[in-house]
Amino acid sequence: MTMDTITAPEVGGLDFGQPVIDADISVSVPKTEALLPYLDAHWREYIATSAFRGAIDGSYPKGAPTSALSGTTGPDGSPPGSSLAMVQKQVLDAWNVEVGILNCYYAVDGLHNPDTAATMAAAVNDWLTGEWLEKESRLRASIVVDPKIPAMAAKEIERVGGHPGFVQVYLPVQSEAPYGSRRYWPIFEAAQKHDLVVSLQFGGSPGNPPTGAGWPSYYLEDYAAQAQIFQTQLLNLCVEGVFDQFPKLRIAFVESGWTWLPSYLWRIDKDWKGLRREVPWNKMVPSEYVRERMKFSLQPLDAPPDPRHMQMLIDELGSDDLLMFATDYPHWQFDTPAEAMPAGLSETQRRKILSENARGFYRL
Amino acid sequence: MGVFNVNGSYYALLNRCPHRNAPLCKGPITGLVQGPEPYKIELTREGEVLHCPWHGWEFDITNGQSVFNPHRVRAKSYDVSVEPAGTANATGEAADEPDPSIETFPVTVEQEIVVLHIGRSKPNRLPAASGAAPASAKE
């Protein structure tokens, strides 16, 4: 018996009375051998004869009560989110999913050899295509790239970006430098060219600590630190002029949480007004770029106990167009399926969050 | 109220920032920093931008418009004309006799005076912004 079967609630589902678009289904490469069919002879031999096992870092340690719902580990012990059959049953069918977007955090950003990282990223993308996208028409996926050398990441986007199953580029939110930096612009350029969303997602292995205060000691700190990394990235994308430079680019924050948005947007708008001459290419306050060009996956919800307070938070977002429903399967973000959506939404808000915001954003 | 001489043209702004009523005219005067594209900075319109000393909001001296949101946030601005030395009446036009009801703000410009047309102030701040509406300068 594994740890997660003891501690985590059972995986479940709910029919909201309409098909939903699930903006965040986390999938995992079950084991390095799964990628062998998608690697060339050299790398197959290298893996067979060396200690190299691929990018084995992870942001979701087994047994942590944030990582996986009970019942998501495969009968053969395969890790949660690694089986198409289980995703079909536990997500696509259980939640009446019209389209589900697969996000695979395969830690190529933690591989220090950029050629190895690019090779493994390409193998994961071909694995996603071969094992998931071509076997299940309800699925779409995010392109795995190693952002370290952005020109190489852009090349991978060029290689697979034309496949209709890929709707997004996956960047781990923890980065070597803030993503607005012009060094990363080749990634945004390639994404814009292929009409792909660029997503920043929970986690990452860039070698930097997850806080500006240095390395914390515990996973709890690493987990909780992610929100401030997202905040840093959000403002950096605005002020470095990414939205000005790439007028059609859309950015998603996935598994970022979003209840921090109202206070954070207020703060950066306020201070931008006095400091905008540092960044005169910005044509509007940061929150306007966010509302025009960004969306956020719904989970984790960080719901306050009183539903009225949740409604206040949603009102404070200043837009009904920002949130996209997400189960974040197989991660444990809610104890019962009913908690997957905030209470007290209007019909319009529900419909937008459940499907329409993501439909327009991802061109589904 | 502050009267500004920008390359020989005169402009007047109420000494009150529409944000938090700070003494706007005590802030520094700069040019307008513009960025036609990311990382490209151009300094234009030197001497035409006033910064609030409290939060740094920038205002176009020539019309009171804020730089960050010109159509919604403005400092109160007044028409100014330069009249021959002597007197001006309440409409700002030169008159034979001084009108005691008008406040004038003399500056030394050859033999002329700068007249603030305070009865013709431009709109200050459109509704729905925060804070109390500034008192009219007309009184």
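**Notes on the predicted model**

1. In chain A, helix H9 (residues 261–275) packs against helix H10 (residues 286–293) at an angle of about 130 degrees, and their axes are 8 Å apart. From H9(A), the residues A:Leu265, A:Ile268, A:Asp269 and A:Trp272 meet A:Pro286, A:Ser287 and A:Val290 of H10(A). By class, this contact comprises 5 nonpolar, 1 polar and 1 charged residues. Please note that the model is predicted.

2. As to the overall make-up, chain A holds 12 helices and 8 strands. Its radius of gyration is 20 Å, close to the 21 Å that the globule rule gives for 364 residues, so chain A is as compact as a globular protein of that length. The C-alpha trace of chain A spans about 60 × 45 × 40 Å along its principal axes. Of its 364 residues, 48% count as buried. Among contacts in chain A between residues at least 6 apart in sequence, 84% join residues at least 24 apart.

3. The sheet of chain A is open and is formed by 8 strands with parallel pairing, in the order S1-S2-S3-S4-S5-S6-S7-S8. Strand S1 (20–27) and strand S8 (323–324) of chain A are at the edges; each has a single partner strand, so one side of each lacks a neighbour in the sheet. Helix H4 (residues 114–133) of chain A packs on the sheet, where it touches S1, strand S2 (97–104) and strand S3 (139–144), and its direction makes about 175 degrees with that of S3(A).

4. Within the sheet, strand S6 (residues 251–254) and strand S7 (residues 294–297) of chain A run parallel and are joined by 3 bridges. A:Phe253 has A:Phe296 in S7(A) as its bridge partner.

5. A:Ala141 belongs to strand S3 of chain A.

6. The bond from A:Gln299 to A:Pro300 is cis, with omega near 5 degrees, and A:Pro300 is placed in the loop between S7 and helix H11 (307–316) of chain A. The bond from A:Tyr329 to A:Pro330 is also cis, with omega near 0 degrees; A:Pro330 is in the loop between S8 and helix H12 (347–361) of chain A.

7. Positive phi values also call for comment. A:Glu255, a residue other than glycine, has phi near 60 degrees and is found in the loop between S6 and H9 of chain A. A:Glu255 is buried, with 27 other C-beta atoms within 10 Å. In chain B, B:Tyr39 is not a glycine, yet has a positive phi of about 75 degrees. B:Tyr39 lies in the loop between S3 and S4 of chain B and is exposed, with 11 other C-beta atoms within 10 Å.

8. Finally, the interface: 13 residues of chain B are in contact with 13 residues of chain A. On the side of chain B that touches chain A, the elements giving two or more residues are strand S3 (29–37) and strand S4 (40–51) of chain B. S3(B) gives the most, with 4 residues. By class, this side of chain B has 6 nonpolar, 4 polar and 3 charged residues.

Definitions and conventions:
Residues are numbered from 1 along each chain as its sequence is written. Chains are lettered from A and ligands numbered from 1 in the order in which they are written. This is a predicted model: local features need pLDDT of at least 70, side-chain atom pairs count only at pLDDT 80 or more; totals for chains, interfaces and linings use all residues. Two residues are in contact if their C-beta atoms, placed from the backbone, lie within 7 Å. Ala, Val, Leu, Ile, Met, Phe, Trp, Tyr, Cys and Pro count as nonpolar, Asp, Glu, Lys and Arg as charged, and the others, Gly among them, as polar. Two strands pair if DSSP finds at least two bridges between them. Axes are lines fitted to C-alpha atoms, for helices over the stretch in contact, and angles run from 0 to 180 degrees between N-to-C directions. The radius of gyration is taken over C-alpha atoms; the globule rule is 2.2 Å times the number of residues to the power 0.38. A residue is buried if 20 or more other C-beta atoms lie within 10 Å of its own, exposed if 12 or fewer, and partly exposed in between; C-beta atoms are placed from the backbone.
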